[in-house]
Amino acid sequence: MNSLGLNIIFRMGCICTKEIITVNSTKYKVCEHLGDGGFSTVLLVEDIVTHRKYAIKKIICHGLEDQQLAAKEVEYYKLIKHPNVIKYIDSTCEGTADPVLNTTSEMLIVLPYYHKGTLANDLERRAKNCDYMSPMDILRMFLQICEGVKAFHDAKPEPLAHRDLKTANIMLSDDGIPIIMDLGSVANARVQVCGTQAARTLQDLAAERCSMPYRAPELFNVESYCMVDERTDIWSLGCILYALCYFKSPFDTVYERGDSVALAVISAHVTFPEDTPYNEDVQNLILSMLKVNPMERPYIYSVIESVHDTVVKLTHKA
């Protein structure tokens, strides 16, 4: 065989060779690169024995603090067990993160794979066709998202907040059930801020890990002496309900224009498009969550109760 033929075979071999990742003796073949987050990469993989597909979240740790954060994320996956929160399958940490030796470690987290993608993907498709969901379908889906959030807020020994709830962090199962994912920003919900340094630390963390169009006002400008609690998630839920109705967060357009999202959020000027199939009941539900003062925002129990009440109202009107 001539060198050209060998060269072609060699190239084809390179194309066909798939990376194998081993997590606690289970081997997975890498099929596809699904995406990158601020601190991680997500891969579509296939169990080489069962041929079932999974997602592997790969977190590169550059130091001990990174490694501890990744380990904490795994703890949260194990702790929160709810049908509307992504299920933990397996994990392993490889290597040692040492900035002095310039070495890194990798946390590999095995999670279910949802081929339908995210709620953000679904809303983008709907927006192109002006395909509005019915108010009842929206409220049913939103109720399931709220039940998932409640699992975080009910966590023991301390309530947890997700801190990065958004349509891109909600997967859709084969049955269209919303599944909250990406627990990389989860933290103790109740933080007593004492002093400017503590305020700056929390504000910087929020800037790193909480998406701007869904971030609560109190995380844009953290006061030196205040209490931040799980109602940061309630603000995000208000933005998600708005997006379910109108395809985007109320602050997405501001973000896309490059204007100040912080200013828009702190002024909380929310407008509703006309000629859409949603009445005042749904709009009032959104506004009840988008209160600039977190003390005026309801807790998750009240939100769930209000959604149930709105469903009853809509049923009677129908």
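Trainee: How long should helix H5 (residues 196-209) be, and what is the distance between its end C-alpha atoms?

Mentor: In this predicted model, the 14 residues of H5 at 1.5 Å a residue should span 20 Å, and the end C-alpha atoms lie 20 Å apart, which agrees.

Trainee: Which residues of H5 are buried?

Mentor: The buried ones are Ala199, Leu202, Gln203, Ala206 and Arg209. They sit on the same side of H5, because they cover an arc of only 145° around the axis. The general idea is that an α-helix has 3.6 residues a turn, so residues three or four places apart point the same way.

Trainee: Which residues are exposed on the other side of H5, and what covers the buried ones?

Mentor: Thr196, Gln197 and Glu208 are exposed on the other side. The cover over the buried residues includes helix H2 (64-79), strand S11 (191-194), helix H6 (217-220) and strand S12 (225-228).

Trainee: How do I read the sheet, and in what order do its six strands come?

Mentor: Strands of a sheet pair through backbone hydrogen bonds, either parallel or antiparallel. Here the order is S1-S2-S3-S4-S6-S5, in an open sheet with antiparallel pairing. S1 (20-23) and S5 (90-94) are the edge strands, each pairing on one side only. From one strand to the next, the twist averages 35°.

Trainee: How many bridges join S4 and S6?

Mentor: Eight bridges, in the antiparallel sense. Lys57 stands opposite Ile109 in S6.

Trainee: Is Lys58 buried or exposed?

Mentor: Lys58, in strand S4 (residues 53-61), counts as buried because its relative accessibility is 17%, and the cut-off for buried is under 20%. Beyond its neighbours within four places in sequence, its contacts include Glu19, Phe39 and Glu106.

Terms used:
Residues are numbered from 1 along each chain as its sequence is written. This is a predicted model: local features need pLDDT of at least 70, side-chain atom pairs count only at pLDDT 80 or more; totals for chains, interfaces and linings use all residues. Side-chain values use heavy atoms; hydrogens and water are left out. Helices (H or I, at least four residues) and strands (E, at least two) are DSSP runs, numbered from the N terminus. Buried means under 20% relative accessible area, exposed over 50%, partly exposed in between (1.4 Å probe, protein chains only). Contact means heavy atoms within 4.5 Å. The expected span of a helix is 1.5 Å times one less than its number of residues. The arc is that of the directions from the helix axis to the C-beta atoms. Two strands pair if DSSP finds at least two bridges between them. Axes are lines fitted to C-alpha atoms, for helices over the stretch in contact, and angles run from 0 to 180 degrees between N-to-C directions.
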